[in-house]
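This briefing looks at the architecture of one chain and at how its parts meet. Please keep the sequence and the model in view while reading.

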Amino acid sequence: MPSVPPATSSTPPVVVSSEAGPTKDPWVEITRLTYGGDRSYAWSVREQVILCAPENRPKLEERLIAAVTRPGCTDAGLAALCELLGLIGSARSVPALAALLLAPATVESGRAALESIPGPEAVSALRDALPRLSGNARIGLIGSLARRRDTLAMPALTALRDRTSEPADLREAATRALDHLSRA
Amino acid sequence: MTTLTAPLSRRRFLKTTSLATAAAAAPLILPSSLLGQAAPSNRITVGIIGTGNIADGHIDTLLGYPEAVRILAVCDVDRARRDFAASRVNARYGNSDCTAYNDFRELNRRTDIDAVWICTPDHWHALIAIDAMRHGKDVYIEKPMTLTIEEGRAVVEAARRYQRVAQHGTQHRSMKRFHDVAEYVRNQGLGKLDRIEVTIPPNNRFCAATWTPEPVPAGLDWDLWLGPSPWRPYTSGGCHYNFRFISDNAYGQITNWGAHYLDIGQWALDMDASGPVEVEGHGHFPTTGLFTNATYIDFTCRYANGIPMSCRTRHEGGGSVRFVGERGWLDISRNRMSASEPDLLREMQKNGRPVQLPLSNNHHENFLACVRSRARPIADVELGHRTTTVCNLGQIALVLGRRLKWDPAHEEFVGDDTANRMRGRALRSPWALT
């Protein structure tokens, strides 16, 4: 604390205070982000993550995981956080992201991040979700497995392709994924 | 951007194309099979996918070849736009044959269409091109060829696999001044080349710090407009034209104008099948608001021979490419040429150099000739991909704010995991590159 000059009779006392007003925590605010809302707090988090030194990534990854799993995280906030995990995330992020695959509102954000995270853990999480998804989400997941060149998924994809009770667009997606994997 | 050309008569079209290609490399020679063809069955049949402002110029030009080309279909997720485009075509042809589609897949599955023009927002280019080629269409892809490096390679692979003619819409390749300067530099006309400086117009329009989601207008298929890009609610400021300022959809002027001028740098450096080995730069990114691309950009790529090519925002004067060598400099834009010494411009436009680059005087005609001949067009997708990659490298360097090493042979960054993850993107369901 700087020293405070003594008050004199001719000058009012100088007030020194540490109370500059409340400040918001960007790591909390990013979980409240809305489409169209002020994204400057989310930008602050993004800058921290993208510009961090490699040795600091594990710490920031932990913070991102904590934010992703915070109850009440908005859709826009989740999308922003998952984009960042997709850039620096590791196997440590996989359980939290895999949980997102189970809900229609979060499956796209979770899949996008997992698709970018290197290593077998992320690929396994994607593959394991295949029987649990349906509709477009399942078709999108098939594309993810192809992009990750997951040859271990070929038996499941073959079964989907050959099952005539499956929707035509899903069977077409499985056919293309198998073609892609066969050329990998 | 599209250069509009005056409509050519069929005779003039054939004559100019033949003359232009007579002195050029073999892939550009107009096939004799095109000569004398006037029967409707011999016309190249065309579909236009995306009918916004960039498509207007293409439609105008193609309507100018009534005996060589027939536009059979247009497609746009905005009903008003596609209906207007179809009505223009039908009015010109005096019939009602041009069909308007909402979904590009329907157009691509028509077996009576030879080629498609892809004029959509950038985030759609790769998927539509691959789908079209898979269904037997030749493709003219507006620039930038794709949104990501990974998508660009996938488009090239599809073109080769399905044996399709695929032209990148960098029409400077078919403008003589750019051909001349690239050839002049390639032949050491400026002496030892020191550097290439590209300037591009300012990036973003202004926008507010926040924006309000709006109801989707009647007739707009917003879900299909978004396609593979992350979901966001509709707002009028983030749809037609302005999409280019939002990084989920495009990379601003880096890929809008940079794709043109960086392309000429690549050509002059003989890098059509390769690229730089290093990139660094910085950008001014808006910290809030709808637009997410940098408002000011400044990046420099360096090639294996040590020559740097920079790309910077210029707030006044528009874009250009400037070659600086030991004999002086040449500065070339679409509507202006200047030099440190007037003699350099005169020299630049002379013929008969040892190294001759292929010459095309018209990007559309070059593509149409190649559709018939099955030759590679002047801006084949491999070089389109390599030029778009330079744009992508710049964008990634701006975002990461650090020097990056690039391996153009393997198309990967050296020792930077995050940068490598940014070479591609996950696509929203149900879309996939496969």
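In chain B, 9 strands form an open sheet with mixed pairing, in the order S13-S12-S11-S7-S10-S9-S8-S14-S15, where strands are DSSP runs of E of at least two residues and helices are runs of H or I of at least four, numbered from the N terminus, and two strands pair if DSSP finds at least two bridges between them. The edge strands, each pairing on one side only, are S13 (337-339) and S15 (412-413) of chain B. This is a predicted model, in which local features need pLDDT of at least 70 and side-chain atom pairs count only at pLDDT 80 or more, while totals for chains, interfaces and linings use all residues. Residues are numbered from 1 along each chain as its sequence is written, chains are lettered from A and ligands numbered from 1 in the order written, and side-chain values use heavy atoms, without hydrogens and water.

**Strand pairing**
- Strands S11 (320-325) and S12 (328-332) of chain B pair in the antiparallel sense over 5 bridges, and B:Phe323 stands opposite B:Leu330 in S12(B).

**Domains**
- The domain assignment of chain B, automatic or from a database, gives domain 1 (10-173) and domain 2 (176-355 + 382-421).
- In chain B, 29 residues of domain 1 are in contact with 41 residues of domain 2, contact meaning heavy atoms within 4.5 Å.

**Salt bridges between the domains**
- The rule finds 4 salt bridges across the interface of domain 1 and domain 2 of chain B, each a side-chain nitrogen of Lys or Arg within 4 Å of a carboxyl oxygen of Asp or Glu.
- B:Arg173 forms a salt bridge with B:Asp263, with the closest N and O atoms 2.8 Å apart.
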